[in-house]
Amino acid sequence: MASTITEKILANASHQKEVVPGNYVVADLSYTMAHDSTAPLAIESFYKITDKVFDKDRVIIVFDHFFPAPTVAGATMHQKSRKFVMDQNLSGFFTNGVCHQLLVEKFISPGDVLVGADSHTCTEGALGAFTTGLGSTDIGGAMATGKCWFKVPESLKFILTGSTKKGVYAKDVILSIVRDVGAAGALYKACEFTGDYVKNESISSRLTLCNMVIEMGGKNGIIEVDQKTFDFLDRRKGKIFRSDKDAVYEDEYEIEVENIEPQVALPPVVDNVEPVSAVEGKHIDQAFLGTCTNGRLEDIEVATRILKGKKIARNVRFIVSPASEDIYFAAFKKGYLQDLVKAGATVCNSSCGPCIGRHEGVLCEGETCISSQNRNFTGRMGHPKAEIVLASPATVAASALAGKIVDPRDYI
Amino acid sequence: MRVWKFGDDINTDVITPGRYTVTTDRKLLGKIAFIEYRPEFAKEVEEGDIIVAGNNFGCGSSREHSPVAIKAAGVSAVIAKTFARIFFRNSINIGLPLFVCEDTDKIDDGDDIEINIITGEVRNKTKSIVFKAKPLPEFMQRIVDKGGLVNFLRSDGYDNI
């Protein structure tokens, strides 16, 4: 029977010839991941099941949500996870990047099955793997057994064609898709991106597309591998699966990206998306460039092109967090970070930064932040009466320069 | 049981803001449920109360702190039109009963309702109406019957599925 890439990966990992949506399967896991915020609860569950992880090289812990610890409570959480890493002798323990970026750079191969205790684990599917976010108890069970149960999802197909106009990026494309599909429009579904736009875009942009699948309720984002993927993966080979031509999709969306303008998601929900023109001139207090959505080298490059040799507005603090150490070094080598600092940016360590409001730039009452992150929920970055506007790195950088929300096309 | 009614797309930052989840202390988490969105909730909620909501309840982050906080606050069940996927799994895994029900518009804040956990029958005593919630799929019911994923893996394990 014809199958989608997601169905084929789940069939392979659960040792079945084929699976169909609605089947319950138990799949072998390539990796499990938890970060400093979710690991402690996962560890508690883990020790109720067993005392030894299924494979010390495939259980990954990353400190990114509040590293280095900003509070005593945070340090205590770190202490607990660090003890687990030491006791279990885990080889994959990192404090130098956002978990999803590190997984993409160091671990994931096509055909892999990854579960992560973070909702944005849908990101890594851009490399042709099945990757999904779960909660701590699921990850505790996964670390113990190396397996996890899944309901095989129905698939949605997003066929993206054409190319975006200058100043419009993958973030604008996915924001416009989230608006059309809605915050619950892809609940429980696999979201497969295809079409010549996807093929022509970089791995970095593909990761941005898959990253925000969860903002439509999706289970996993996935993109078939091509030469770009192989070049990126270098020595990682994996197992290649492709959707059959006559595979069954619950729905197909055909999107011509040429007409998409720069987009913003206005508070308090991610599907509240408008063209940037709707809020042009809105005052901002903070601009943030970083995260698993848009903290990669090409994002920093775009911001640098806009800000090099200029100064950000006095009313704005501009925070930059390269998504990993590799990106940090690459951006430094190219002089981007120096240019951004000279323009007035504060460059933080590679972490989630202020995205979840725990450190490195929280907001007070009445403030507005424009951010390259993926969520604008009430209270996420600090005070519940602060506002978060989501946008592309170009819109973030241009707005930092202007001191208010602006259309980046006027600055490129 | 008293109903606490919520709307659509209630997200995990609303249930348990990230700034308050730097702990695994269940009692503490129970006290911060809806702390900014609905501050009276944690103070007034009583053992056995039921949360009723619209679509996509629990969307957003994977943080298990959200269902843990709801359960620790004393809530006995959550009924919603639809649930976000990770929240749904997390709740099953920690033994917080969830019910999918299209008729949650027939329930208002403060109503007195009863739910039969086996049959899914919802009785709105305030409005004197009865309707059905969907029972859990058999596979998930087995996990709930064991009291959550940890007990399920200890007693049954994945080999016996």
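## A walk through the two chains

Arg236(A) is partly exposed, because 15 other C-beta atoms lie within 10 Å. A residue counts as buried at 20 or more such neighbours and as exposed at 12 or fewer. The model is a predicted one. Arg236(A) sits in the loop between α9 (227-233) and β11 (251-256) of chain A. Its C-alpha atom is separated from that of Lys106(A) by 9.0 Å, and the two residues are 130 residues apart along the chain.

Where they meet, 31 residues of domain 1 of chain A are in contact with 29 residues of domain 2 of chain A. On the domain 1 side, the elements that give two or more residues are α4 (99-106), α6 and α8 (203-211) of chain A. The largest share of that side comes from α6(A), with 6 residues. By class, the domain 1 side holds 10 nonpolar, 14 polar and 7 charged residues.

How many of the 12 residues of α6(A) are buried? The count is 9, so the helix is largely enclosed by the rest of the structure. The buried residues are Ala170(A), Lys171(A), Asp172(A), Val173(A), Ile174(A), Leu175(A), Ile177(A), Val178(A) and Val181(A). A helix has 3.6 residues a turn, so residues three or four places apart point the same way.

Now the loops of chain A, and their backbone. Phe67(A) and Pro68(A) are joined by a cis peptide bond, with omega about -5°. Pro68(A) belongs to the loop between β3 (59-62) and α3 (72-87) of chain A. Another cis bond runs from Pro267(A) to Pro268(A), with omega near 5°. Pro268(A) is in the loop between β12 (263-265) and β13 (273-275) of chain A.

Phi is the next angle to check. Asn89(A) is not a glycine, yet its phi is positive, about 55°. This residue lies in the loop between α3 and β4 (92-94) of chain A. Is Asn89(A) buried or exposed? Asn89(A) is exposed, because 11 other C-beta atoms lie within 10 Å.

Go on to Asp410(A), in the segment after α14 (393-402) of chain A. Asp410(A) has 10 C-beta neighbours inside 10 Å, so it counts as exposed. Ala398(A) is 12 residues away from Asp410(A) in sequence. In space, the two are 8.5 Å apart, C-alpha to C-alpha.

Chain B comes next. It has an open sheet of 4 strands, in the order β1-β2-β3-β4, with parallel pairing. Which strands stand at the edges? They are β1 (3-5) and β4 (98-100) of chain B. Each has a single partner strand, so one side of each is left without a neighbour in the sheet. The twist averages 20° from one strand to the next.

Strands of a sheet pair through backbone hydrogen bonds, either parallel or antiparallel. Look at one pair in detail. β1(B) pairs with strand β2 (residues 50-53) of chain B in the parallel sense, over 3 bridges. Val3(B) has Ile50(B), in β2(B), as its bridge partner.

Chain B also has a positive phi outside glycine. The residue is Ser128(B), with phi near 50°. Ser128(B) is placed in the loop between β6 (121-124) and β7 (129-132) of chain B. With 7 other C-beta atoms within 10 Å, Ser128(B) is exposed.

Last, bring the chains together. The contact takes 36 residues from chain B and 45 residues from chain A. On the chain B side, α1 (12-15), α5 (85-94) and α7 (149-155) are the elements that give two or more residues. α5(B) gives the largest share of that side, 6 residues. The chain B side has 13 nonpolar, 14 polar and 9 charged residues.

Methods: Residues numbered from 1 in each chain as written. Chains lettered and ligands numbered in written order. Predicted model: local features only at pLDDT ≥ 70, side-chain atom pairs only at ≥ 80, totals over all residues. Contact = placed C-beta atoms within 7 Å. Nonpolar A, V, L, I, M, F, W, Y, C, P; charged D, E, K, R; others polar. Pairing = 2+ DSSP bridges. Axes fitted to C-alpha atoms, helices over the stretch in contact; angles between N-to-C directions.
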